[in-house]
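Please look over the model shown here. My notes follow as numbered points.

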Amino acid sequence: MSSAQIEIQLIACIVAIACAIPGTFLVLRKMALISDAISHSILPGLVLGFFITHDLNSPILIFMAALSGVVTVVLVEFIQKTKLVKEDTAIGLVFPVLFSIGVIMIAKNANDVHLDTDAILLGELAFAPFDRFLVDGSDLGPKSLWIIGTILLITIGLLFAFFKELKISTFDAGLATALGFSPIMIHYGLMSVASITIVGSFDAVGAILVVALMIAPAATAYLLTDNLKKMLGLSVVFGVFSAISGYWLAHWLDASISGSMTTVLGIVFLTVYLFAPKRGLISVLYRNKQQQIEVSLLTFLLHLNNHQEISERHINHLNEHINWRRVKSKSVLDLALKNNMIVIEKSIISLTDKGKNFTDKAIDYIITNDHSKIESIKEDFFLFRG
Amino acid sequence: MGSICGMLGSFAVLRKQSLLGDAISHAALPGIAIAFLITGTKETNVLLIGALVSGLLGAFWIRGITKRTHLKSDTALGLILSIFFGFGMLLLTYIQKLPNANQSGLDKFLFGQAATLLARDVWFMASVTSICLVVLLLFWKEFKILLFDADYAKTLGFNIQFIDILITSFIVIAIVLGLQTVGVVLMSAMLLAPAAAARQWTNSLGVMVMLAAFFGASSGVIGTAISASQNNLSTGPVIVLVAAVFVVFSFIFSPSRGLLFRQIRFIQNRKDLKLHKTLAFMFEIAKGHENISHPHAVKILNNFHGYTRKSLGKLEQKEYINVAGSMWSMTPKGYHFAANLYNQQGNENE
């Protein structure tokens, strides 16, 4: 590994961490798409900044870009407050307009400058190490490393300082106001941090990857845990993982680094989406099925309880009476047998004491619809835990 | 093109899926790249089919995420958008590194250039537009019911899922077609802006769809005209800006929902309230006399009661009171009105 490679991976990791932190809060606050909007609407700010300074490397550029990010947020909020359209429509209206303004400004005035939309949307991580940060002729490492590192430090500092406030205002804005925190202040603070992070990172990795790095790790972590601290930690881990493995994937394919990082993020999300223990697609489907069978079991036991006649309790009768298919009746029967709720003698089913007990309790629950009742059923019979 | 976006956009806006367009237009990219990788041609139709497939895939994955997990739709949209787009970029850069590939021009899809369209493409678009129109008319009732009351539609026995898929597919088709004209980023604006503007003018779905189509078409025409008249102006952004002007105009000037009229109504209400206050006070005084039209001195009214010379004049204009010199007296009409005013308030308080 050459030093340039290490530097690229370092930058990628730091960007990933810096994005994951505000991203988590954005996802929790249901404002994930704001990051997309900001990343596009930065463009006019950049162009304006360039007109002012005529220098692509000046810090004013970053400042203007961050400012236009905040302007986006304010505009979106304003449109939303008029109650004329919904929030998502407001977002969808604001950022293409700002982006078009940016594109037109470039086309009209700065056509010959290296400020094309490609570079802004995609970024190129591979060139990041060549842009050195020189102080008095001594080489202090890549410039973007310094920029994004500073942003990360500020973000982490703010996170520790305002963790409590952020947490409360994210989950219960009303309570936060009552306690004397200003949710609006925190909202705009978060938005400013997000837009500065986006601006700082897109120089290195491009606008689309910034959005992916903000949303994807947080969303993946959210599928795995409900705990805010764990979620933050997990999203940082996912971000770093995809940064490093994405780099090597790109190295192997000789393709865009930001593209492959996003792809890894996508794969990680897909895996978690399918296999997460509680929220994953497979476990959700399994649980639905389980609940269906358990409800059927209940129906079946109630049926048995109601009928003393032999003919009503014959195994084959089930199919026609409750109108289940063969497979389903079999799985229900198995479940009941496994739980010792029924016994089968010569194809005649009868309830055991345990089954009878269960049925009585269940009827009690159904009649009263009292939630404390089902708790005891859950404990006694290991059912309905989904 | 503008009109088809407008029509379908109405549904997207009303279904709170406004940003679906944005997500799908990004999600179409890997499809284009894969279609190119497989076939190796730059035939527009092949690439469009690829875009269509991956757009649909993205759309349905978004639905899957919001349905099956607790992630919210905004997260799902952002996620799919960025991941698909990133994957598309990966493929594009990979293609660029391939030897002998005539890959140039693939990224034209990203930003779109209406001027590069051929007559054949235009005919293709027109035919798709008319197909959309026919389907829209055929399923009008179903679409409408699904939009506003999905549960009711279900109880009526409509196949919700089918209709839902139908709408989503049409939105995807419109987007994929639009990609060539205005490009990925601006597509969502094309879908949203006409519909959002139309929404301000009417509460009826039919009128809204028509208006949205009209707004979309005219912003397309005007935008193209402007961009053709000046050099160095790409078509897409100009169209979007024209559409945005429509939206701003509608926001401000629409008669029932517009900001301007809302403000006017607000001020008017406030004035009315002040007048009523003065009148109520007068009523209290007049009530104490046998003759309701007994004259009183203007002096006993002060600023606190909302009294100004102007408000007095206004009340006189409405024939609620008579003013003679420095005295005023209530007319029977004013007396009745004030009495009812009082009753109304009493009723509301109960």
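1. How are helix 2 of chain A and helix 4 of chain B oriented to each other? Helix 2 (residues 32-53) of chain A packs against helix 4 (residues 73-97) of chain B at an angle of about 45 degrees, with the axes 7 Å apart. The two are therefore oblique to each other (under 35 degrees is roughly parallel, over 145 roughly antiparallel, 65 to 115 roughly perpendicular, the rest oblique). Axes are lines fitted to C-alpha atoms, for helices over the stretch in contact, and angles run from 0 to 180 degrees between N-to-C directions.

2. This is a predicted model: local features need pLDDT of at least 70, side-chain atom pairs count only at pLDDT 80 or more, and totals for chains, interfaces and linings use all residues. Residues are numbered from 1 along each chain as its sequence is written, and chains are lettered from A and ligands numbered from 1 in the order in which they are written.

3. Helix 12 (residues 257-275) of chain A also packs on helix 4 of chain B, at an angle of about 135 degrees with the axes 7 Å apart. Helix 12 of chain A is therefore oblique to helix 4 of chain B. Residues in contact (C-beta atoms, placed from the backbone, within 7 Å) include Gly259(A) and Phe269(A) from helix 12 of chain A, and Gly86(B) and Phe87(B) from helix 4 of chain B.

4. Chain B has 15 helices and 3 strands (DSSP runs, numbered from the N terminus: H or I of at least four residues, E of at least two).

Note on methods: Two residues are in contact if their C-beta atoms, placed from the backbone, lie within 7 Å.
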